[in-house]
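Me: I would like to learn how to read strands, helices and cavities. Can we take them one by one?

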Amino acid sequence: MHLSSLALFAALLAPPLAASSAAWAEDFTVRLEQVPELKAVFGEVESRTVVPARARIGGSLRAVSVSEGSLVKEGDEIALVVDDKLALTLNAADARIKELRSQLENARVELDRTQQLVAKGVASQSRLDTGKTLFDVATNQVTAAEADRAVVLQRAREGAVLAPADGRVLTVPVTPGSVVLAGDEIARIASGPYYLRLSLPERHAADIREGGTVRIGRRGITQDTAGTPATARPGRVVKVYPEITAGRVMADVEVDGLGDYFVNERTLVWVEIGRRGVLAIPPALVSTRHGIDYVRVATPRGALDVPVVLGARLADAAGERVEVLTGLADGDRIQAPGH
């Protein structure tokens, strides 16, 4: 076992340490192990699809019922475009239908009269055929006029701007009273699903791969709010872009629970860029006195309380552990405080 003379002297003079609240039943052997080397970067929340809600007819924007941040369902009416000319066209279509229906009624009366005269032998068959033709023409004209009116009504209904998909409204670049044309964008809707876009330095391009695991901190961009890798939730790299732009490589990370985030909101992400060797022990084996951390090491001469410098906390399938930067060596046996 490797112990510096200063560490040994401090260990011999250190007063007995209070036992940890978490008991450790047997000795723990320190082993050098490989753990992921994590780099903290910022990821931006993006929506996989952003679809525009467009006006289907031209006219004046009479009303807008959504604003930035509103949640919408597919088919919801989010705005209303009104073309005043459609009302005039509809009135003209109604008047035309009334005129043609009057002509149809006259043609029906004339046909009935002609049929009666033909039955009495007073009128000729050619006159009856002419009456039938006029009646058919009037009937078809009424049908055509009603179809034209239906087209006008359909155009008026298309003044309602509908949400093309479920999602959250990102922008509304128009205001009520604006004049819009058919195809103009009324709103942009992020229909999801949400994912994280990472931008890494070029030197890490060879270390990140599709299918790799990353750790996403809690919502926030500071260490205090985002937490640590030990408390972060996992995510998965689903795409690494093959082009490096301005010395950065882009990657997309898939993670659940981003639905309430803002689009383009940043959050702290830890990405694995390699592996390194560490000495890590359970936190229960560390005791602190007067601001100094001690670990009880088993030696041929008995247990010694050795001062150590601790590093980051680690978490994996074996449970939570703390990295020991100095004071221990590979193969040391650790006892619980107080043993």
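Reply: In this predicted model, strand β4 (residues 59-64) and strand β6 (residues 77-82) run antiparallel, joined by four bridges. Strands here are DSSP runs of E with at least two residues, helices runs of H or I with at least four, numbered from the N terminus. Two strands pair if DSSP finds at least two bridges between them. Ala63 has Leu80 in β6 as its bridge partner.

Me: Which strand pairs with β6 over three bridges?
Reply: Strand β7 (residues 160-162), in the antiparallel sense. Val161 in β7 stands opposite Ala79.

Me: How do I read two packed helices?
Reply: Use the angle between their axes and the distance between the axes. Helix α2 (residues 84-120) and helix α3 (residues 125-157) have axes that come within 8 Å and cross at roughly 160°. That makes α2 roughly antiparallel to α3 (angles over 145 degrees count as such). Their contact has 19 nonpolar, eight polar and 10 charged residues (Ala, Val, Leu, Ile, Met, Phe, Trp, Tyr, Cys and Pro are nonpolar; Asp, Glu, Lys and Arg charged; the others, Gly among them, polar).

Me: How many cavities of 30 Å³ or more does the structure hold?
Reply: Rolling a probe the size of a water molecule over the atoms shows where empty space is left. The structure holds one such cavity (on a 1 Å grid, points where a 1.4 Å probe fits but cannot get out; lining residues have an atom within 4 Å of a point).

Me: What are the ground rules?
Reply: Residues are numbered from 1 along each chain as its sequence is written, and side-chain values use heavy atoms, leaving out hydrogens and water. Local features need pLDDT of at least 70, side-chain atom pairs count only at pLDDT 80 or more, and totals for chains, interfaces and linings use all residues.

Notes: Axes fitted to C-alpha atoms, helices over the stretch in contact; angles between N-to-C directions. Parallel < 35°, antiparallel > 145°, perpendicular 65-115°, else oblique. 1 Å grid on protein atoms, 1.4 Å probe; cavity = no way out; pocket = protein on both sides within 12 Å on 5 of 7 lines; lining within 4 Å. Points joined across faces, edges and corners; volume = space filled by probe spheres on them.
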